Each structure stands twice: as structure tokens, then as C-alpha cells.
Amino acid sequence: MNNFDGKVVIVTGARTGIGLSAANLFAKAGAAVVLVGRHEPKKEAKNLAEQGYEAVSFEADVSKEADTKAMVDFTVKKFGHLDFAYNNAGIQSPVTKTEDLSLEEYDNVLNINLKGIFLSENYKNKLATCPKNKYEIYQCQKSAFLNSTETSE
């Protein structure tokens, strides 16, 4: 079923794992896909393109506002619009007691796992052509909270 025909999707964290699997599924469902990673997923996008799917890569650190804005701008320039952002980029803090976790490690997790989603949705939702979902920010906040409670002792 090609229920994403004509749609454009950004997938962050698309170099490996869930993000790469999601990018593959979106492409096979008919979407044009922008695979995004801190280390540009060129090979992964090329692999999809060689299979006949519309896929390109983009290098961005979602915790950086300029990178995230550039990611959205690139997508709109390349495809003319953006429909969805699958905000998969994320990291886990070292498994340790809360009192042993450094503030730098904590900030890094929040910047990628929470701020990255906020920035992506913020720039995506500023586009007049992009569908809005009032629950997106709530979902990312809940996810960040659940992740922080799982690593505490």
C-alpha cells in the first residue's frame, strides 16, 4: 500500500537502527525521504535511490538550531514542501546513578532527545504547507521524562 505517495518525510537518526528502518518503510510506502544524521547517511540514501525510491541525505545535529533550520530549508528547497518529520534521533545517557551523571552528559541527552524534537517541529510547523499536530511537543516531553526516569536509581 502506497499511502505516502506524494508526501515528503524527514527522518532524523536515519543512519542505523529504527531511523534507518523507518526511512526504508516511508520510501517503500511512496514518500520522498530525507535521511538525516550527525554523520550524513549518504550510503543509506544512495541504497534507497538505487532501489528506485526517492531518497536524499542531509547532515545535521538536531541539537543545533542552525542545523535543524537548514535541514527543513533543504527539504523544502529540494521537494517543494514537507509533510512529516519522524524525529528519531536520540541518545541514552550512561547507565549510572543519578548523582554520578555529569551535567554535561545530562545536557547532551536533553539537547538531542528533547530540544532536537522541539526545533524540528518548530521549523516544520512554521511552514504553511505542513500539517500541524497539537500533540507532537507533548509526546516528545513525555518521552524525555520516561527516559530520565528509566536511568534513575
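**Figure 1. Overview of the predicted model and its contacts.** Among contacts in the protein between residues at least 6 apart in sequence, 57% join residues that are at least 24 apart. The model shown here, and in every view that follows, is predicted. Its secondary structure comes to five helices and four strands, and, read from the N terminus on, these elements run in the order β-α-β-α-β-α-β-α-α. Of the 153 residues in the protein, buried residues make up 39%.

**Figure 2. Close-up of the crossing between helix α3 and helix α4.** Helix α3 covers residues 65-79 and helix α4 covers residues 103-125, and the axes of the two come within 9 Å and cross at roughly 40°. With this angle, α3 and α4 are therefore oblique to each other, and the handedness of their crossing is right-handed. On the α3 side, the residues that take part in the contact are Glu 65, Thr 68, Lys 69, Met 71 and Val 72, and these meet Leu 119, Ser 120, Tyr 123 and Lys 124 on the α4 side. Sorted by class, the contact of α3 with α4 has four nonpolar, two polar and three charged residues.

Figure 3. The C-alpha atom of Ala 66 is separated by 9.5 Å from that of Leu 119, although the two residues are 53 residues apart along the chain. Leu 119 belongs to α4, where it is one of the residues in the contact with α3.

Figure 4. The structure holds four aromatic pairs. In one of them, Phe 4 and Phe 26 form an edge-to-face pair, with 5.2 Å from centre to centre and 80° between the planes. This pair links distant parts of the chain, since Phe 4 lies in the segment before β1 (8-12) and Phe 26 lies in helix α1, 22 residues apart. Phe 4 counts as buried because its relative accessibility is 19%, and Phe 26, at 14% relative accessibility, counts as buried as well. Phe 26 also forms an aromatic pair with Tyr 86 that is edge-to-face, with 5.7 Å centre to centre and 70° between the planes. Here too the pair links distant parts of the chain, with Phe 26 in helix α1 and Tyr 86 in strand β4 (residues 84-86), 60 residues apart. Tyr 86 has a relative accessible area of 32%, so this residue is partly exposed. Taken together, ring pairs link Phe 4, Phe 26, Phe 84 and Tyr 86 into a cluster.

**Figure 5. Close-up of Asp 5 and the residues around it.** Asp 5 is placed in the segment before β1, and its relative accessible area of 48% makes it partly exposed. When residues up to four places away in sequence are not counted, Asp 5 touches Ala 29 and Gly 30. Gly 30 lies in the loop between α1 and β2 (32-37), and this glycine counts as partly exposed because its relative accessibility is 26%. Along the chain Gly 30 and Asp 5 are 25 residues apart, and yet a separation of 4.3 Å is found between their C-alpha atoms. For Asp 5 and Lys 28, which are 23 residues apart along the chain, the C-alpha atoms are separated by 9.6 Å.

Figure 6. The C-alpha atoms of Gly 17 and Asn 88 are separated by 9.8 Å, while the two residues are 71 residues apart along the chain.

Terms used
Residues numbered from 1 in each chain as written. Predicted model: local features only at pLDDT ≥ 70, side-chain atom pairs only at ≥ 80, totals over all residues. Heavy atoms only, no water. Axes fitted to C-alpha atoms, helices over the stretch in contact; angles between N-to-C directions. Parallel < 35°, antiparallel > 145°, perpendicular 65-115°, else oblique. Left-handed = near helix turned anticlockwise from the far one by under 90°. Contact = heavy atoms within 4.5 Å. Nonpolar A, V, L, I, M, F, W, Y, C, P; charged D, E, K, R; others polar. Phe/Tyr/Trp six-rings, centres within 6.5 Å; stacked < 30°, edge-to-face > 60°. Buried < 20%, exposed > 50% of the residue type's maximum accessible area, 1.4 Å probe, protein only.
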